[in-house]
Amino acid sequence: MPTTVPVAALRQPGGAPSLCVRHGTAATRRKSVLFRSAPPTWSFLLILLGVLPFAIVATIMQKRVTVPNWPFCRACTRLRLRRLLGGIGVALLGFIAVIGFSAAMPPSSNLTAVVVLLSFAGLLAGVAFASTGGWATIAAAKPTSDGTDLHLRKAHQQFRAWGNGPRGTRRAQQATP
C-alpha cells in the first residue's frame with residue numbers, strides 16, 4: 001500500500017522518524033538522499049528524435065527532492081551492499097569474459113562475435129544491477145509531480161502508522177504554510 005508524506009515535514013529537524021521506512025525496524029544509519037521523479041511519459045516519444053532531446057527535456061522536467069536525514073536499518077545497508085557487490089561482480093565477470101573470449105577464440109570462428117556480445121551484455125547487466133544499490137532506490141520513494149510530497153512505494157506498516165497517525169498529521173499541518 002503506497003504512502004505519501006509531505007517533504008516539508010521530513011526536512012524539519014527530527015522530521016523523519018527513527019525507524020526504517022522500508023522494514024519498520026530501528027534506524028541504524030541516516031543519510032542525505034536525493035530523490036528524483038520519473039520523466040513525464042510523453043517525453044519518451046522524444047527518443048525518436050534522439051537521446052539528447054529526451055535527456056534535456058527529462059532533466060528539465062524532473063523534480064528533485066533532498067531529504068537530509070533519511071533513516072535506514074541494517075537490512076537496508078545489507079541490501080545495498082549485496083546489490084552493489086553483486087552488480088560489480090557480474091560486471092567484472094562480463095568484462096573479463098569479453099577480454100578473455102576475444103583473445104582466446106579464433107577470429108575466423110562463427111561464435112566469436114556471439115560470445116563477445118553475450119559477454120558484453122553481462123557487463124551491461126552487472127552495471128544495471130549495481131545501479132539499483134543507490135540509497136534512493138533502496139528507500140523506494142519518488143517525488144510527486146509538484147515535488148511537495150514523497151510517494152513511498154514500499155512503506156512498512158509501522159511507518160504508515162507514523163505517517164498517518166497524529167504525529168505525522170501534526171507534522172504535515174505544521175509544515176504547510
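Visitor: Which residues is Phe 35 in contact with, leaving aside its neighbours within four places in sequence?

Guide: Contact means heavy atoms within 4.5 Å. Phe 35 is in contact with Lys 63, Arg 64, Val 65, Val 67, Trp 70, Ala 136, Ala 139, Ala 141, Pro 143 and Leu 150, its neighbours within four places in sequence left aside. Note that this is a predicted model: local features need pLDDT of at least 70, side-chain atom pairs count only at pLDDT 80 or more, and totals for chains, interfaces and linings use all residues. Residues are numbered from 1 along each chain as its sequence is written, and side-chain values use heavy atoms, with hydrogens and water left out.

Visitor: Which residues touch the most other members of the largest nonpolar core?

Guide: A nonpolar core is a set of buried Ala, Val, Leu, Ile, Met, Phe, Trp, Tyr and Cys residues joined through side-chain atoms within 4.5 Å. Buried means under 20% relative accessible area, exposed over 50%, partly exposed in between (1.4 Å probe, protein chains only). The largest core here has 24 residues, and Phe 35, Trp 70, Phe 72, Leu 150 and Leu 152 touch the most other members. Elements giving two or more residues to this core include strand S2 (29-36), strand S3 (64-72), helix H3 (74-104) and strand S5 (149-152). The largest share, four residues, comes from S3.

Visitor: How many helices and strands does the chain have?

Guide: Helices (H or I, at least four residues) and strands (E, at least two) are DSSP runs, numbered from the N terminus. The chain has seven helices and five strands. From the N terminus on, the order is β-α-β-α-β-α-α-α-β-β-α-α.

Visitor: Why does the span of H3 agree with its length?

Guide: The expected span of a helix is 1.5 Å times one less than its number of residues. H3 has 31 residues, so it should span 45 Å; its end C-alpha atoms are 44 Å apart, which agrees.

Visitor: Which residues of H3 are buried?

Guide: They are Cys 76, Leu 79, Arg 83, Gly 87, Ala 91, Gly 94, Ala 97 and Val 98. Their cover includes S3, helix H4 (111-130) and H5.

Visitor: Is Gly 86 buried or partly exposed?

Guide: Gly 86 counts as partly exposed because its relative accessible area is 26%. Gly 86 is also in H3. Its C-alpha atom is separated by 7.4 Å from that of Gly 126, 40 residues apart along the chain.

Visitor: What share of the chain is buried?

Guide: Buried residues make up 35% of the 177 residues.
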